[in-house]
Amino acid sequence: MFRTHRSPAVPHAPGRADRASGLRRLARITAPLALAVLGLSLATAPAAADEAEAAAFEHYVAIGDSFVAGPMVSAQMPLLGCMQSSVNYPKRLAEQLGITEITDVSCSGARMAHLYEAQFSDAPPQLDALRPETDLVTVGIAGNDFGFSEVLIECAKRSLRNPLGSPCADHYGDELDQRIDGLRDEVSGVYTDIAERSPNATVLSVGYLQILPESGGCWPSTPIARGDVPFLDQAQTALNAMIKEESEAQGAAFVDTFERGHDVCQGSGTRWVEGLIPEDGAPVHPNNLGMAATTDFVRTALGVPQP
């Protein structure tokens, strides 16, 4: 069964035509969210009340992988299966916006194939959660298809022999760029299918939080060789850029969460993604701060002032 949560009733949402018009305006956003404006609304203060009303949604579907599900961020979650946190950003967003109904089908380990086929016996195809009347969809997918976990493990092993060099970059060469380009059609198809199933929905494509710093790193606590840190950072940047291009081409709005200064090498009060020895969440996954930050980024994209 889908994980469905009902929030307290909210005032009647605007008509479908108004929401569709809002989607068209949102889809025309051509610049990503500014990297240093977490918590600031794109709207001016006099329009805040109107925007809050315009963002009243009735059925919200959250689709995605473990960066959405939030494994180990909270104890209030199953220890097996999708490992979906009770405080991941979809649930935070629904609570803050007073959304009438949320269907969170995000699942740890999900690939794009799992949007069309069951991942577990109790995790049916994620796109099956969409309905014609669904009016808000957030999507965070493609990281597992790219193979970030496999790449990080391979790079960590190679760093042990050459921590100051670039053994991982030497090993992969341009393979990671080829992987990213090879995912374009599949990513595009996901957003095409979402638009067909829920034609009146506002669709937000949510990018991945920064994992590694631009350079240097923090070997050995996060065992990535010094020369491989910028190589992997560039790969993640390219993956986010590809997702942005393909999702926006299909009418979705991209939510850029890649704000620097919150990577795995930062202190526990600053980082949004945990390292290999986590304190709050799964290794190399968002923590509570990361989930809160992502919620803020999504609110900003919707034009809703921060609480």
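This report walks through a predicted model of one protein chain, from its overall make-up to a few individual residues.

## The chain as a whole

Let's start with the big picture. The secondary structure of this chain consists of eleven helices and six strands. The chain has 307 residues, and 53% of them count as buried. Its exposed surface comes to about 13100 Å², with carbon and sulfur atoms supplying 56% of that area. Contacts can also be sorted by how far apart the partners sit in the sequence.

Which residues of α6 are buried? They are F148, V151, L152, E154, C155, A156 and S159. These buried residues pack against several helices: α5 (143-146), α7 (167-172), α8 (175-182) and α10 (229-249).

| Helix pair | Angle between axes | Axis separation |
|---|---|---|
| α6 and α10 | about 175° | 12 Å |
| α8 and α10 | roughly 10° | within 10 Å |
| α9 and α10 | about 45° | 8 Å |

The axes of α8 and α10 cross at roughly 10°. That makes α8 roughly parallel to α10. The crossing of this pair is right-handed. On the α8 side, the residues L176, D177 and I180 take part, and they meet F231, L232, Q234, A235, A238, L239 and M242 in α10.

Helix α9 covers residues 184-197 and packs against α10 at about 45°. These two helices are therefore oblique to each other. Their crossing is right-handed. Here R184, V187, S188 and Y191 of α9 meet M242, I243, E245, E246 and S247 of α10.

## A closer look at F146

Now let's zoom in on one residue. F146 is found in helix α5. Is F146 buried or exposed? With a relative accessible area of 1%, F146 is buried, because buried means under 20%.

What does F146 touch, if residues up to four places away in sequence are not counted? The list is L176, R179, I180, L183, A235 and L239.

## Residues in the loops

G275 lies in the loop between β6 (253-255) and α11 (288-302). G275 has a relative accessible area of 9% and is therefore buried. Leaving aside neighbours within four places in sequence, G275 is in contact with T222, V264, P283 and V284. G275 and C265 are ten residues apart in sequence, and their C-alpha atoms are 7.3 Å apart in space.

V284, one of those contacts of G275, is also placed in the loop between β6 and α11. V284 counts as buried at 15% relative accessibility. Its backbone has a positive phi of about 55°, although V284 is not a glycine.

Another residue with a positive phi is A142, where the angle is near 115° and the residue is again other than glycine. A142 sits in the loop between β4 (136-140) and α5. At 0% relative accessibility, A142 counts as buried.

Finally, which peptide bond is cis? The bond from W219 to P220 is, with omega near 10°. P220 lies in the loop between β5 (202-206) and α10.

Terms used: Residues numbered from 1 in each chain as written. Predicted model: local features only at pLDDT ≥ 70, side-chain atom pairs only at ≥ 80, totals over all residues. Heavy atoms only, no water. Buried < 20%, exposed > 50% of the residue type's maximum accessible area, 1.4 Å probe, protein only. Helix = DSSP H or I, 4+ residues; strand = E, 2+ residues; numbered from the N terminus. Contact = heavy atoms within 4.5 Å. Areas by Shrake-Rupley, 256 points an atom, 1.4 Å probe, with all protein chains shown as cover. Axes fitted to C-alpha atoms, helices over the stretch in contact; angles between N-to-C directions. Parallel < 35°, antiparallel > 145°, perpendicular 65-115°, else oblique. Left-handed = near helix turned anticlockwise from the far one by under 90°.
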